[in-house]
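Have a look at the picture first, and then we'll walk through its parts.

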Amino acid sequence: MPLTSEVAQRMISGSQDKARELGIAVSTAIVDADGRLFAFGRMDGAHWISIDVSQAKAFTGSLLRRDGPELQQLPPATLSALSNVQRRGLMPTNSVTIVREGDRLIAGIGCSGGTDEQDGECAHAARDRFTG
């Protein structure tokens with residue numbers, strides 16, 4: 001299934017529904033397979049820094065084509081070098097989430113506004129809405 005505006009908005013809704021359940025406010029970024037911002041949603045009350053953090057998380061997943069736990073295995077020097085080359089901050093946290101169909105990367109998802117664990121729950125809720 002391709003990433004469409006309708007699908008991306010459904011993913012953001014899933015993230016926000018989970019955030020409400022957790023009692024937090026998040027920003028959610030969906031990027032395409034090339035790391036370009038595709039859709040974004042910020043809940044009322046989400047801290048301003050969550051805008052940049054959510055986008056950095058989504059970009060990191062897309063650039064490196066890995067979920068958060070896999071990102072934790074990369075050497076910090078490699079992450080720093082890639083951040084410098086891209087001239088953009090990377091956020092290799094456990095909550096970084098990607099969407100794949102087989103070997104094909106579809107999207108990166110980044111959520112920010114709670115703890116890393118809560119952000120991950122919101123990102124996974126977004127991923128779950130990708131397929132319906």
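What follows goes from the sheet to the helices and ends with one serine. Keep in mind that this is a predicted model.

## The sheet

Start with the four strands, which make an open sheet in the order E2-E1-E4-E3, with antiparallel pairing. At the edges sit E2 (37-42) and E3, each of them pairing on one side only. On average, neighbouring strands in this sheet are turned by 15° against each other, ignoring direction.

Now for the pairs themselves. E1 (residues 27-32) runs antiparallel to E2, and five bridges join the two. Pick out alanine 29 and look across to E2: its bridge partner there is phenylalanine 40.

## A hairpin at one edge

E3 (residues 97-101) and E4 (residues 104-112) also pair in the antiparallel sense, again over five bridges. Within this pair, arginine 100 is opposite leucine 105 of E4. Which residue of the hairpin takes a positive phi? That's glycine 102, with a phi near 65°, in a hairpin that has two residues between its strands.

## Helices on the sheet

Helix H1 packs on the sheet and touches E1, E2, E3 and E4, with its direction making about 35° with that of E2. Helix H2 packs on the sheet too, touching E1, E2, E3 and E4; the direction of H2 makes about 155° with that of E4.

## Where two helices cross

For H1 (residues 5-22) and H5 (residues 116-128), the axes come within 7 Å and cross at roughly 140°. The crossing is right-handed.

Who makes the contact? H1 brings Met11, Gly14, Ser15, Lys18, Ala19 and Leu22, while H5 brings Gln118, Glu121, Cys122, Ala125 and Ala126. Sorted by class, that gives six nonpolar, three polar and two charged residues.

## A closer look at serine 54

Serine 54 belongs to H2 (residues 49-64). Is serine 54 buried or exposed? It counts as buried, because its relative accessible area is 0%, and the cut-off for buried is under 20%.

What does serine 54 touch? Setting aside neighbours within four places in sequence, serine 54 is in contact with Ser27, Thr28, Ala29, Phe40, Gly110, Cys111 and Ser112.

Definitions and conventions:
Residues numbered from 1 in each chain as written. Predicted model: local features only at pLDDT ≥ 70, side-chain atom pairs only at ≥ 80, totals over all residues. Heavy atoms only, no water. Pairing = 2+ DSSP bridges. Buried < 20%, exposed > 50% of the residue type's maximum accessible area, 1.4 Å probe, protein only. Contact = heavy atoms within 4.5 Å. Axes fitted to C-alpha atoms, helices over the stretch in contact; angles between N-to-C directions. Left-handed = near helix turned anticlockwise from the far one by under 90°. Nonpolar A, V, L, I, M, F, W, Y, C, P; charged D, E, K, R; others polar.
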